[in-house]
Amino acid sequence: MKKVLALVMALTLAFTLAACGSNGGSTAETDSTSQTAVSEAPENPVIRVSTTTSVNDSGLLPYLLPAFEQETGYRVEVQSAGTGAALQKAKDGNADLVLVHAKASEEEFISEGYGVERLPFMYNYFVIVGPKDDPTGIKGSDSAASAFTRIRMKGAKFVSRGDESGTHKAELKIWGETAPDPESESWYISAGQGMGACLTMASEQQAYCLTDKATFLSMKDSLDLDIVLAESEDMKNTYSLIAVNPEKIDGLNTDGAKAFIDWMLGEEASALIAKYGEEEYGAPLFYLIEE
Amino acid sequence: MDSFKQAFDLLFSFDRELLRIIGVTLRMSFFSTAVSCIIGLPLGTLLGTHSFRGKAFVKKLINTLMGLPPVVAGLIVYFLFTHYGPLGKLNMLFTVRVMVVAQCLLITPVVTALTSSFVEERARPVIDTAKGMGLSGRKTLFLTLSESRGMLSSVVLNAFGRSIAEVGAVSIVGGNIQWKTRVMTTAIMLETNKGNFSFALALGIILLIIAFAVNAAASFTVKEKSDG
């Protein structure tokens with residue numbers, strides 16, 4: 001019996017600790033409520049954003065959100081996954097808006113009636129990274145397509161996301177221009193993992209890889225890779241905001257989604273985005289689309 | 001070695017986000033353990049002591065559920081609680097509560113199976129002996145419970161260990177939302193995906209320390225009790 005009692009006590013201890021944790025959280029919530037009192041309190045304060053790893057894991061959203069939350073009193077819940085999963089969560093009715101980067105999938109999302117309007121607002125370039133000595137001679141290629149042709153001809157190792165993410169789709173589009181499909185080739189490694197894991201794999205295997213610049217720069221120190229091709233026009237990567245359509249999906253926080261989109265397209269967010277990354281990497285990671 | 005240093009620095013920096021993650025982890029694991037034991041202990045005892053028609057089938061079912069891959073459990077719960085799912089009206093997707101539901105789907109079969117096999121092998125002879133000695137019902141129950149305390153604690157700690165270590169199901173139904181549903185394992189996944197391997201390992205070390213602390217607290221209290 002004593003042992004059981006002890007166990008109950010141990011679990012109570014664990015629970016107390018857990019309760020402490022949640023107390024900490026409610027303090028934070030109280031903080032934000034008191035800020036809310038300053039601005040006007042929104043009726044439904046939670047905005048669910050479904051976005052891609054390159055926006056969230058690169059630190060851009062964690063960098064922008066505190067300013068938005070403080071100003072408006074909204075609380076933003078961010079889920080990040082590949083673009084495919086991010087759009088699916090919204091189709092399932094589990095997000096108020098999406099922030100993704102795969103034009104074809106976005107247009108399909110809207111034509112199926114799930115999205116209201118595609119609002120492209122920032123872009124950057126994918127880059128091709130590879131072994132520092134560039135044994136396949138990718139440097140100096142005039143486009144990503146010609147670089148990929150060279151990789152295919154030489155049978156150089158190439159790591160692909162293989163996860164239906166925006167990056168994966170952009171990669172497949174470039175391969176499409178060099179046809180046929182590389183997926184069955186022995187040099188083509190379809191990892192099925194996030195960008196970071198793919199870059200680590202490429203570094204371990206001294207392979208080439210298509211990546212967003214933000215993730216690569218944030219990991220550069222731990223990778224034995226260099227950028228071998230940057231900023232070619234066929235590697236342009238456009239990010240869009242799409243509010244989920246309240247006529248198709250019920251229970252949405254449409255006001256919240258609108259407030260978030262307006263703020264993201266506004267001057268303050270633009271100024272913040274344009275500066276992001278300059279301090280740490282010497283160049284901004286995202287560029288604004290000029291109207 | 002870097003990871004070890006990082007783990008301790010992190011733990012003793014009392015970083016607010018880390019404390020929050022630990023808090024959510026413990027809350028989720030505690031309730032998952034509690035609910036699955038409330039269902040699984042009586043069910044396992046029943047299976048271990050009584051014979052009834054279809055018992056073999058129920059046992060096979062439980063053994064099959066023990067092999068349920070966590071991602072599949074996560075998907076099942078996702079489809080139940082998604083906005084347009086049968087339980088979508090409850091608005092529980094991406095909360096700690098729904099993570100507990102997914103965990104219970106995974107852990108209850110384990111608790112039930114462990115309890116029933118223990119009861120069959122160990123508790124039943126105790127009950128038979130008690131009957132043979134002509135003890136009253138109350139005394140029989142007391143004797144059985146006191147003989148079973150070791151089993152109880154190992155079943156409960158096993159359930160706790162499983163729930164604190166789970167990642168596949170909780171990332172699907174919890175969404176790994178910062179401040180809200182991010183737990184130690186999904187934070188480790190995130191850092192691994194970002195390529196911060198040593199930081200991810202540091203978080204893993206902290207997870208082990210927490211698991212060890214809970215286990216140690218359990219056995220330490222036991223020891224102190226029996227000494228006193």
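Modeller: Gladly! Of the 291 residues in chain A, 43% are buried. This is a predicted model, where local features need pLDDT of at least 70, side-chain atom pairs count only at pLDDT 80 or more, and totals for chains, interfaces and linings use all residues. Residues are numbered from 1 along each chain as its sequence is written, while chains are lettered from A and ligands numbered from 1 in the order in which they are written.

Colleague: What makes a residue buried?

Modeller: A residue is buried if 20 or more other C-beta atoms, placed from the backbone, lie within 10 Å of its own; with 12 or fewer it is exposed, and in between partly exposed. In H7(A), Gly166(A), Ala170(A) and Trp175(A) are among the residues that are buried.

Colleague: How many helices and strands are there in chain A?

Modeller: Chain A has 12 helices and 10 strands. Both are DSSP runs numbered from the N terminus: helices are H or I with at least four residues, strands are E with at least two.

Colleague: Why is H3(B) said to lie largely in the open?

Modeller: The number buried is one of its 12 residues, so H3(B) lies largely in the open.

Colleague: Why are H3(B) and H5(B) called oblique to each other?

Modeller: H3 (residues 55-66) and H5 (residues 96-132) of chain B pack at an angle of about 130°, with axes 8 Å apart. Axes are lines fitted to C-alpha atoms, for helices over the stretch in contact, and angles run from 0 to 180 degrees between N-to-C directions. Under 35 degrees counts as roughly parallel, over 145 as roughly antiparallel, 65 to 115 as roughly perpendicular and the rest as oblique. H3(B) and H5(B) are therefore oblique.

Colleague: What makes the contact of H2(B) with H6(B), by class, nonpolar, polar or charged?

Modeller: First, the pair: the axes of H2(B) and H6(B) come within 9 Å and cross at roughly 135°. That makes H2(B) oblique to H6(B). The contact has six nonpolar, six polar and no charged residues. Ala, Val, Leu, Ile, Met, Phe, Trp, Tyr, Cys and Pro count as nonpolar, Asp, Glu, Lys and Arg as charged, and the others, Gly among them, as polar.
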